[in-house]
Amino acid sequence: MAAAELLAYRDEVADCTKCALSHGRTQVVFGAGSPNADLMFVGEAPGFHEDKQGVPFVGAAGQLLTRLLGEIGIAREDVYINNVLMCRPPGNRDPRPDEIQACEPHLWKKIELIQPKLICTLGNFATKLLSGRPAGITQVHGRPQDVVLGGNEVTLYPIFHPAAALYTPRMLAVLQEDFARIPELLGRAVAPPLPPEPEPVAAQPEQLGLF
Ligand code: URA
């Protein structure tokens with residue numbers, strides 16, 4: 001049921017012109033994954049590769065996200081991945097308040113349809129929007145909180161954006177530590193890690209498709 005409604009909603013918003021980002025995008029990057037996911041990730045905005053492929057988190061940060069999930073025994077296909085913004089900001093600049101305001105009803109609708117139990121917000125923009133609070137990710141990462149979103153009770157779990165570890169390698173351990181609590185927050189036993197993904201090909205920062 002959620003799957004059909006999600007597909008219908010995806011079609012409905014494919015031509016969205018609610019903000020100026022619609023002028024520069026290749027396509028709307030709606031979201032990807034299981035429509036029945038208990039676990040949802042909310043990142044910032046599509047980058048270069050996401051804009052081209054129409055799928056969130058397929059660049060270097062996305063490869064790291066897939067790896068971090070694999071390390072806790074969760075397959076990417078079993079979660080739902082999306083962003084605060086569905087269209088790429090030019091040059092991967094930060095989302096602007098008017099763009100977030102225009103796009104947030106789409107995010108609330110997806111949450112309403114998918115009804116995840118746990119939402120991991122990746123980085124500052126998703127964390128501030130979904131918590132409704134100004135506290136930044138450095139302050140609140142790794143601290144779950146129960147909230148009502150899209151009409152559902154959900155646990156919000158702020159985590160650093162995986163891109164942080166691409167720029168600052170010591171952040172990887174922090175991310176791994178925060179990811180390690182996800183199975184417990186989902187009420188699951190910790191599963192053995194999935195086989196590792198192949199090593200990502202090194203890319204230049206401007207090719208990373210981040211921010
Ligand atoms: N960074 C994000 O926040 N989202 C993506 O989809 C890709 C990179």
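Lys and Arg count here as positive and Asp and Glu as negative, with His and the chain ends not counted. The place of a charge is NZ of Lys, CZ of Arg, CG of Asp or CD of Glu. On that basis the protein chain carries 18 positive and 24 negative side chains, and the centres of the two sets lie 4 Å apart. The model is predicted: local features need pLDDT of at least 70, side-chain atom pairs count only at pLDDT 80 or more, and totals for chains, interfaces and linings use all residues. Residues are numbered from 1 along each chain as its sequence is written, and side-chain values use heavy atoms, leaving out hydrogens and water.

**Fold and dimensions**
- The protein chain has ten helices and six strands (DSSP runs numbered from the N terminus; helices are H or I, at least four residues, and strands E, at least two).
- The radius of gyration is 16 Å, close to the 17 Å from the globule rule for 211 residues, so the protein chain is as compact as a globular protein of that length (taken over C-alpha atoms; the rule is 2.2 Å times the number of residues to the power 0.38).

**Burial and contacts**
- Of the 211 residues, 51% are buried (under 20% relative accessible area, 1.4 Å probe, protein chains only).
- Among contacts with a separation of 6 or more, 73% join residues 24 or more positions apart (heavy atoms within 4.5 Å).

**Aromatic pairs**
- There are two aromatic pairs (Phe, Tyr or Trp rings, the six-membered one for Trp, with centres within 6.5 Å; stacked means planes under 30 degrees apart, edge-to-face over 60, tilted the rest).
- One of them, phenylalanine 41 with phenylalanine 179, is stacked, at 5.9 Å centre to centre and 15 degrees between the planes.
- This pair links strand 2 (residues 39–43), which holds phenylalanine 41, to helix 9 (residues 171–179), which holds phenylalanine 179, 138 residues apart.
- Phenylalanine 41 and phenylalanine 179 are both buried.

Key. Buried means under 20% relative accessible area, exposed over 50%, partly exposed in between (1.4 Å probe, protein chains only).
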